Amino acid sequence: MSSQNLVLIIGGTGAQGNSVVKALVADGKYSCRVLTRSSTSESAKALSSLPGVELFEGDSYHEPTLRQAFSGCTYAFTNTNGFALGEKAEIYWEIRVYELAAEFKVKHFLYAGLIYASKLGNFDPKYRTGYLDGKGKVSDYISAQPTSPMKWSILTSCLYIEGLNELMQPFPRPSEPDTLTTPSTSAGCSTPPLSNGLYLNVATEDISWADLASPFSSITGKKAIYMDVSLDQYFSFPIFPNPEAKVTNEGGNLNDPTLFTIRENFWNSWKDNL
Ligand SMILES: NC(=O)c1ccc[n+]([C@@H]2O[C@H](COP(=O)([O-])OP(=O)(O)OC[C@H]3O[C@@H](n4cnc5c(N)ncnc54)[C@H](OP(=O)(O)O)[C@@H]3O)[C@@H](O)[C@H]2O)c1
(Lines give C-alpha, C1' and ligand atoms only; values in the text may rest on other atoms or scores of the structure.)
Protein backbone atom coordinates (compact mmCIF):
# COMPACT_ATOMS: atom_id res chain seq x y z
CA MET A 1 0.00 0.00 0.00
CA SER A 2 1.38 3.43 -0.91
CA SER A 3 2.31 5.45 2.15
CA GLN A 4 1.72 8.72 0.25
CA ASN A 5 -1.68 9.34 1.87
CA LEU A 6 -1.70 6.66 4.52
CA VAL A 7 -3.93 7.55 7.48
CA LEU A 8 -3.44 5.87 10.84
CA ILE A 9 -6.87 5.26 12.35
CA ILE A 10 -7.28 4.69 16.07
CA GLY A 11 -10.79 3.50 16.89
CA GLY A 12 -11.44 2.65 13.24
CA THR A 13 -13.42 -0.49 14.01
CA GLY A 14 -15.81 1.46 16.27
CA ALA A 15 -19.09 3.17 15.54
CA GLN A 16 -17.45 6.50 14.74
CA GLY A 17 -14.16 5.46 13.16
CA ASN A 18 -15.83 2.93 10.92
CA SER A 19 -17.61 5.64 8.92
CA VAL A 20 -14.45 7.72 8.79
CA VAL A 21 -12.45 4.85 7.28
CA LYS A 22 -15.14 4.17 4.70
CA ALA A 23 -15.32 7.83 3.70
CA LEU A 24 -11.55 8.20 3.50
CA VAL A 25 -11.01 5.24 1.19
CA ALA A 26 -14.15 5.80 -0.90
CA ASP A 27 -12.48 7.78 -3.68
CA GLY A 28 -9.07 6.12 -3.48
CA LYS A 29 -7.32 9.32 -2.43
CA TYR A 30 -6.40 7.98 0.99
CA SER A 31 -5.55 4.58 2.34
CA CYS A 32 -6.12 3.65 5.98
CA ARG A 33 -4.19 1.63 8.50
CA VAL A 34 -6.69 0.57 11.15
CA LEU A 35 -5.23 -0.27 14.53
CA THR A 36 -7.32 -2.99 16.17
CA ARG A 37 -6.95 -5.53 18.94
CA SER A 38 -8.50 -8.19 16.73
CA SER A 39 -8.26 -8.54 12.98
CA THR A 40 -10.94 -11.25 13.14
CA SER A 41 -13.73 -9.16 14.66
CA GLU A 42 -16.71 -8.63 12.36
CA SER A 43 -16.00 -4.92 12.12
CA ALA A 44 -12.31 -5.44 11.32
CA LYS A 45 -13.05 -8.08 8.71
CA ALA A 46 -15.64 -5.87 7.01
CA LEU A 47 -13.18 -2.97 6.84
CA SER A 48 -10.33 -5.12 5.56
CA SER A 49 -12.45 -6.13 2.59
CA LEU A 50 -12.44 -2.51 1.38
CA PRO A 51 -9.77 -1.45 -1.09
CA GLY A 52 -7.23 0.79 0.61
CA VAL A 53 -7.71 -0.59 4.13
CA GLU A 54 -5.05 -2.52 6.00
CA LEU A 55 -5.45 -3.82 9.53
CA PHE A 56 -2.70 -3.43 12.10
CA GLU A 57 -3.23 -5.74 15.02
CA GLY A 58 -2.28 -4.46 18.45
CA ASP A 59 -3.26 -2.37 21.46
CA SER A 60 -3.84 1.33 20.75
CA TYR A 61 -2.66 2.11 24.29
CA HIS A 62 0.82 0.61 24.08
CA GLU A 63 3.72 2.78 23.00
CA PRO A 64 5.77 0.21 21.03
CA THR A 65 2.64 -0.72 19.08
CA LEU A 66 1.85 2.92 18.38
CA ARG A 67 5.39 3.53 17.15
CA GLN A 68 5.13 0.67 14.68
CA ALA A 69 1.66 1.72 13.60
CA PHE A 70 2.67 5.34 12.94
CA SER A 71 5.63 4.33 10.79
CA GLY A 72 4.94 5.47 7.21
CA CYS A 73 1.68 7.29 8.00
CA THR A 74 1.16 10.84 6.78
CA TYR A 75 -2.18 11.49 8.50
CA ALA A 76 -3.91 10.33 11.66
CA PHE A 77 -7.51 10.15 12.81
CA THR A 78 -7.70 9.19 16.46
CA ASN A 79 -10.71 8.37 18.58
CA THR A 80 -9.34 7.09 21.87
CA ASN A 81 -11.99 5.19 23.78
CA GLY A 82 -12.80 7.06 26.96
CA PHE A 83 -15.34 4.47 27.97
CA ALA A 84 -12.69 1.78 27.93
CA LEU A 85 -9.90 3.84 29.48
CA GLY A 86 -11.44 6.23 31.97
CA GLU A 87 -10.67 9.95 31.96
CA LYS A 88 -7.15 9.85 33.37
CA ALA A 89 -5.80 7.24 30.96
CA GLU A 90 -7.57 8.81 28.01
CA ILE A 91 -5.90 12.16 28.68
CA TYR A 92 -2.50 10.47 28.92
CA TRP A 93 -2.88 8.32 25.83
CA GLU A 94 -4.39 10.88 23.52
CA ILE A 95 -1.72 13.45 24.33
CA ARG A 96 0.92 10.78 23.87
CA VAL A 97 -0.64 9.82 20.53
CA TYR A 98 -0.51 13.50 19.48
CA GLU A 99 3.18 13.69 20.47
CA LEU A 100 4.02 10.53 18.57
CA ALA A 101 2.19 11.82 15.51
CA ALA A 102 4.35 14.94 15.61
CA GLU A 103 7.50 12.86 16.11
CA PHE A 104 6.58 10.70 13.11
CA LYS A 105 6.04 13.84 11.02
CA VAL A 106 2.37 13.34 10.40
CA LYS A 107 1.07 16.19 8.23
CA HIS A 108 -2.39 16.54 9.70
CA PHE A 109 -3.70 15.20 13.01
CA LEU A 110 -7.46 14.77 13.30
CA TYR A 111 -8.83 14.28 16.79
CA ALA A 112 -12.30 12.99 17.63
CA GLY A 113 -13.15 15.20 20.59
CA LEU A 114 -16.19 15.84 22.70
CA ILE A 115 -17.45 18.88 24.57
CA TYR A 116 -15.69 19.82 27.81
CA ALA A 117 -18.80 19.54 29.94
CA SER A 118 -17.30 20.81 33.20
CA LYS A 119 -15.95 23.91 31.48
CA LEU A 120 -19.23 24.58 29.66
CA GLY A 121 -21.00 24.26 33.00
CA ASN A 122 -18.69 26.76 34.67
CA PHE A 123 -17.09 23.90 36.64
CA ASP A 124 -20.24 23.16 38.59
CA PRO A 125 -19.44 19.65 39.88
CA LYS A 126 -22.76 18.33 38.70
CA TYR A 127 -21.47 18.60 35.14
CA ARG A 128 -18.31 16.56 35.69
CA THR A 129 -18.47 13.78 33.12
CA GLY A 130 -15.35 11.67 32.71
CA TYR A 131 -15.68 10.65 29.11
CA LEU A 132 -16.64 14.19 28.01
CA ASP A 133 -14.15 16.08 30.18
CA GLY A 134 -11.28 13.78 29.14
CA LYS A 135 -11.79 14.55 25.48
CA GLY A 136 -12.51 18.20 26.29
CA LYS A 137 -9.21 18.58 28.16
CA VAL A 138 -7.30 16.90 25.35
CA SER A 139 -9.02 19.20 22.86
CA ASP A 140 -7.85 22.21 24.88
CA TYR A 141 -4.33 20.79 24.87
CA ILE A 142 -4.30 20.19 21.12
CA SER A 143 -5.78 23.58 20.35
CA ALA A 144 -2.88 25.18 22.24
CA GLN A 145 -0.39 23.55 19.86
CA PRO A 146 1.05 25.22 16.77
CA THR A 147 -0.65 24.53 13.44
CA SER A 148 2.67 23.97 11.71
CA PRO A 149 4.51 21.78 10.84
CA MET A 150 1.77 19.37 11.91
CA LYS A 151 -1.73 20.65 11.23
CA TRP A 152 -4.50 19.67 13.61
CA SER A 153 -8.28 19.64 13.57
CA ILE A 154 -10.69 18.69 16.31
CA LEU A 155 -13.96 17.08 15.39
CA THR A 156 -16.44 17.57 18.20
CA SER A 157 -19.46 15.33 17.95
CA CYS A 158 -22.23 14.47 20.36
CA LEU A 159 -24.39 11.44 20.98
CA TYR A 160 -24.69 9.33 17.82
CA ILE A 161 -28.18 9.30 16.33
CA GLU A 162 -28.08 5.52 16.84
CA GLY A 163 -28.29 6.31 20.56
CA LEU A 164 -32.03 6.68 20.05
CA ASN A 165 -32.08 2.88 19.82
CA GLU A 166 -29.86 2.49 22.86
CA LEU A 167 -29.29 4.97 25.69
CA MET A 168 -32.09 7.25 24.59
CA GLN A 169 -34.61 4.68 23.53
CA PRO A 170 -38.22 5.37 24.50
CA PHE A 171 -39.89 3.16 27.09
CA PRO A 172 -43.53 2.57 27.98
CA ARG A 173 -44.48 4.91 30.79
CA PRO A 174 -44.99 2.74 33.92
CA SER A 175 -48.23 4.48 34.89
CA GLU A 176 -49.52 4.55 31.31
CA PRO A 177 -48.06 1.63 29.30
CA ASP A 178 -49.49 2.79 25.98
CA THR A 179 -47.44 5.98 26.20
CA LEU A 180 -43.80 5.94 25.12
CA THR A 181 -41.50 8.20 27.10
CA THR A 182 -38.18 9.39 25.78
CA PRO A 183 -35.89 10.66 28.50
CA SER A 184 -33.12 12.54 26.66
CA THR A 185 -31.81 13.74 23.27
CA SER A 186 -29.17 15.03 20.84
CA ALA A 187 -27.26 13.21 18.14
CA GLY A 188 -24.14 13.32 16.02
CA CYS A 189 -21.99 11.45 13.56
CA SER A 190 -18.71 12.18 11.93
CA THR A 191 -16.91 13.06 8.75
CA PRO A 192 -13.20 13.75 8.63
CA PRO A 193 -12.25 17.39 9.17
CA LEU A 194 -10.12 19.18 6.61
CA SER A 195 -9.35 22.54 8.22
CA ASN A 196 -6.22 23.32 10.09
CA GLY A 197 -6.47 24.69 13.63
CA LEU A 198 -10.25 24.44 13.85
CA TYR A 199 -12.80 22.88 16.11
CA LEU A 200 -15.40 21.32 13.83
CA ASN A 201 -18.66 20.73 15.63
CA VAL A 202 -20.68 18.00 14.00
CA ALA A 203 -24.23 16.87 14.65
CA THR A 204 -26.76 14.94 12.63
CA GLU A 205 -29.69 16.88 13.97
CA ASP A 206 -30.39 19.69 16.40
CA ILE A 207 -33.73 18.77 17.84
CA SER A 208 -35.78 19.83 20.82
CA TRP A 209 -36.93 17.36 23.42
CA ALA A 210 -40.57 17.74 22.45
CA ASP A 211 -39.84 17.42 18.74
CA LEU A 212 -38.03 14.18 19.39
CA ALA A 213 -41.17 12.56 20.77
CA SER A 214 -43.56 13.40 17.95
CA PRO A 215 -42.00 11.11 15.24
CA PHE A 216 -42.50 8.16 17.56
CA SER A 217 -46.19 8.98 17.69
CA SER A 218 -46.56 9.28 13.95
CA ILE A 219 -44.59 6.08 13.24
CA THR A 220 -45.92 3.83 15.99
CA GLY A 221 -49.40 5.30 16.35
CA LYS A 222 -48.78 5.40 20.09
CA LYS A 223 -48.76 8.49 22.21
CA ALA A 224 -45.16 9.57 22.87
CA ILE A 225 -44.08 12.24 25.31
CA TYR A 226 -40.84 13.72 26.53
CA MET A 227 -40.53 13.48 30.31
CA ASP A 228 -37.98 15.40 32.31
CA VAL A 229 -37.17 12.47 34.57
CA SER A 230 -34.88 12.40 37.56
CA LEU A 231 -31.74 10.28 37.39
CA ASP A 232 -33.36 7.74 39.69
CA GLN A 233 -36.32 7.47 37.34
CA TYR A 234 -34.02 7.20 34.33
CA PHE A 235 -32.02 4.40 35.88
CA SER A 236 -35.21 2.55 36.77
CA PHE A 237 -35.58 1.90 33.01
CA PRO A 238 -33.84 -1.35 32.06
CA ILE A 239 -30.96 0.27 30.16
CA PHE A 240 -28.09 -0.37 32.53
CA PRO A 241 -28.05 -3.50 34.68
CA ASN A 242 -25.71 -1.78 37.17
CA PRO A 243 -25.55 2.03 37.09
CA GLU A 244 -23.00 1.94 39.92
CA ALA A 245 -20.45 0.07 37.75
CA LYS A 246 -17.26 1.98 37.01
CA VAL A 247 -16.89 3.18 33.43
CA THR A 248 -13.82 1.33 32.22
CA ASN A 249 -13.02 -2.05 30.82
CA GLU A 250 -9.39 -1.98 31.77
CA GLY A 251 -9.38 -4.79 34.35
CA GLY A 252 -7.56 -4.20 37.62
CA ASN A 253 -8.18 -0.46 37.73
CA LEU A 254 -11.54 -0.55 39.44
CA ASN A 255 -10.21 1.01 42.64
CA ASP A 256 -8.89 4.02 40.74
CA PRO A 257 -10.65 6.95 42.47
CA THR A 258 -10.65 9.00 39.28
CA LEU A 259 -13.04 6.62 37.54
CA PHE A 260 -16.70 7.58 37.29
CA THR A 261 -19.69 5.31 37.70
CA ILE A 262 -22.25 5.09 34.92
CA ARG A 263 -24.68 7.04 37.06
CA GLU A 264 -22.20 9.86 37.59
CA ASN A 265 -20.92 9.93 34.07
CA PHE A 266 -23.65 11.03 31.76
CA TRP A 267 -26.62 12.98 32.35
CA ASN A 268 -26.61 16.49 33.70
CA SER A 269 -24.94 18.14 30.71
CA TRP A 270 -27.57 16.65 28.42
CA LYS A 271 -30.41 17.25 30.81
CA ASP A 272 -29.57 20.95 31.09
CA ASN A 273 -28.78 21.33 27.37
CA LEU A 274 -25.25 22.59 27.96
N1 LIG B 1 -21.66 6.72 21.93
C2 LIG B 1 -21.71 7.93 21.43
O3 LIG B 1 -22.78 8.46 21.11
C4 LIG B 1 -20.41 8.71 21.22
C5 LIG B 1 -20.48 9.91 20.52
C6 LIG B 1 -19.30 10.62 20.29
C7 LIG B 1 -18.11 10.15 20.79
N8 LIG B 1 -18.08 8.97 21.49
C9 LIG B 1 -16.77 8.55 22.01
O10 LIG B 1 -16.23 7.59 21.12
C11 LIG B 1 -15.34 6.75 21.87
C12 LIG B 1 -15.68 5.34 21.56
O13 LIG B 1 -15.69 5.17 20.16
P14 LIG B 1 -16.89 4.46 19.43
O15 LIG B 1 -18.15 5.13 19.76
O16 LIG B 1 -16.54 4.32 18.00
O17 LIG B 1 -16.90 3.07 20.23
P18 LIG B 1 -17.26 1.60 19.88
O19 LIG B 1 -18.16 1.49 18.70
O20 LIG B 1 -17.65 0.97 21.16
O21 LIG B 1 -15.82 1.03 19.45
C22 LIG B 1 -14.77 0.94 20.37
C23 LIG B 1 -13.47 1.25 19.64
O24 LIG B 1 -12.43 1.37 20.60
C25 LIG B 1 -11.38 0.46 20.25
N26 LIG B 1 -10.66 -0.01 21.43
C27 LIG B 1 -9.33 0.01 21.57
N28 LIG B 1 -8.98 -0.46 22.76
C29 LIG B 1 -10.11 -0.82 23.39
C30 LIG B 1 -10.37 -1.40 24.64
N31 LIG B 1 -9.39 -1.70 25.52
N32 LIG B 1 -11.65 -1.64 24.96
C33 LIG B 1 -12.66 -1.34 24.11
N34 LIG B 1 -12.47 -0.79 22.88
C35 LIG B 1 -11.18 -0.54 22.54
C36 LIG B 1 -12.08 -0.65 19.50
O37 LIG B 1 -11.11 -1.28 18.69
P38 LIG B 1 -10.91 -2.86 18.61
O39 LIG B 1 -12.01 -3.53 19.37
O40 LIG B 1 -10.97 -3.15 17.14
O41 LIG B 1 -9.56 -3.06 19.19
C42 LIG B 1 -13.10 0.14 18.69
O43 LIG B 1 -12.48 0.69 17.54
C44 LIG B 1 -15.53 7.07 23.34
O45 LIG B 1 -14.45 7.87 23.79
C46 LIG B 1 -16.83 7.86 23.35
O47 LIG B 1 -16.86 8.80 24.42
C48 LIG B 1 -19.19 8.24 21.67
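Start with the shell around the ligand: its residues divide into 8 nonpolar, 16 polar and 1 charged. Here Ala, Val, Leu, Ile, Met, Phe, Trp, Tyr, Cys and Pro count as nonpolar, Asp, Glu, Lys and Arg as charged, and the others, Gly among them, as polar. The model is predicted: local features need pLDDT of at least 70 and side-chain atom pairs count only at pLDDT 80 or more, while totals for chains, interfaces and linings use all residues. Residues are numbered from 1 along each chain as its sequence is written.

Stay at the ligand and select Gly 14, Thr 36, Arg 37, Gly 82 and Ala 84, the closest of the 25 residues that surround it. Helices (H or I, at least four residues) and strands (E, at least two) are DSSP runs, numbered from the N terminus.

Next, show the strands. An open sheet of 7 strands runs in the order E3-E2-E1-E4-E5-E6-E9, with parallel pairing; two strands pair if DSSP finds at least two bridges between them. Its edges are E3 (53-57) and E9 (198-201), each pairing on one side only. From one strand to the next, the twist averages 20°.

Select E1 (residues 6-10). Its parallel pairing with E2 (residues 31-36) extends over 5 bridges, and Val 7 stands opposite Cys 32 in E2. E1 is largely enclosed by the rest of the structure, because 5 of its 5 residues are buried. A residue is buried if 20 or more other C-beta atoms lie within 10 Å of its own, exposed if 12 or fewer, and partly exposed in between, with C-beta atoms placed from the backbone. Leu 6, Leu 8 and Ile 10 are on one side of E1, and Val 7 and Ile 9 on the other.

H1 (residues 15-26) lies across E1, E2, E3, E4 (75-78) and E5 (108-113), at about 160° to E2. H5 lies across E1, E4 and E5, at about 175° to E4. Axes are lines fitted to C-alpha atoms, for helices over the stretch in contact, and angles run from 0 to 180 degrees between N-to-C directions.

Now color the largest nonpolar core, which has 40 residues; Val 7, Leu 8, Ile 9, Val 34 and Ala 76 have the most contacts inside it. Such a core is a set of buried Ala, Val, Leu, Ile, Met, Phe, Trp, Tyr and Cys residues joined through C-beta atoms within 7 Å. Helix H5 (residues 87-103) gives the most to this core, with 6 residues. A second, separate core of 9 residues includes Leu 114, Ala 117, Tyr 131 and Leu 132.

Move to Thr 156 in strand E6 (residues 151-156). Thr 156 counts as buried because it has 21 C-beta neighbours inside 10 Å.

Finish with backbone geometry. Most residues other than glycine have a negative phi, and most peptide bonds are trans. The bond from Ser 148 to Pro 149 is cis, with omega near 5°; Pro 149 is in the loop between helix H7 (130-143) and E6. Lys 105, in the loop between H5 and E5, has a positive phi of about 60°. Asn 122, in the loop between helix H6 (117-120) and H7, has a positive phi of about 55° and is exposed, with 8 C-beta neighbours inside 10 Å.

Conventions: Two residues are in contact if their C-beta atoms, placed from the backbone, lie within 7 Å. A residue is near a molecule or strand if its C-beta atom, placed from the backbone, lies within 6 Å of it.
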